[in-house]
Amino acid sequence: MTLTQDQLLASHKANLETLFGLTSKAFEGMEKLVELNVAASRAALTEAATHTQAVLSAKDVQQLLALQASQFQPLAEKAVAYSRHLYEIASGTGTEFGKAFEAQAAQVQQNVSNFVDTAVKNAPAGSETSVAVIKSAVSAANNAFESVQKAVKQASDVAEANFNAMATSASRATAEVASTQRKR
């Protein structure tokens, strides 16, 4: 019923590997985020300089207004693209963490199941009721965990679909606004 020293060492080693793997994934996500922000900042600075030069060379108010109006759609499209990249980075990192959590949870479930099976085999005569209660509790806990996993997956899928719908809607709306602005 007790864990051996080798089992404890193997468990600690597996936990450390998981920790270092997750830490590495977190750093990868942060690197991607920093790269995205540096690229976005560089592009914004370049575009601001170009736009400032264009504004300073405008000959009249009409040209200035047309120049300002022409900035709406590209700006909105860039904001949507930035949001999409940001979402992809967060989603990818979250998926990696989710996979690691599911693997750990499956291992824990297997360990508990093995422990219960060992306990059942070594249970003294007359303890059948207690064994049945333990088995039932373990089964109920496994079912509840699986239900939670399914609910989290469904919520994640709904959130992703909503984000994609919002991004598409925002992109269409900015295109329509820009089209209206150009017609004026």
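Buried here means under 20% relative accessible area, exposed means over 50%, and partly exposed is what lies in between (1.4 Å probe, protein chains only). The model is a predicted one, so local features need pLDDT of at least 70 and side-chain atom pairs count only at pLDDT 80 or more, while totals for chains, interfaces and linings use all residues. Residues are numbered from 1 along each chain as its sequence is written, and side-chain values use heavy atoms, with hydrogens and water left out.

Two salt bridges turn up, taking a salt bridge as a side-chain nitrogen of Lys or Arg within 4 Å of a carboxyl oxygen of Asp or Glu. One pairs K25 with E28, with the closest N and O atoms 3.8 Å apart. Both residues sit in helix α1, three residues apart, or about one turn of the helix. E28 has a relative accessible area of 33% and is partly exposed; K25, at 29%, is partly exposed too.

The other joins E47 to K78, the closest N and O atoms being 2.7 Å apart. This pair ties together distant parts of the chain, with E47 in helix α1 and K78 in helix α3, 31 residues apart. E47 counts as partly exposed at 34% relative accessibility, as does K78 at 40%.

Among the buried residues of α3 are V80, I89, T93 and A100.

Key:
Helices (H or I, at least four residues) and strands (E, at least two) are DSSP runs, numbered from the N terminus.
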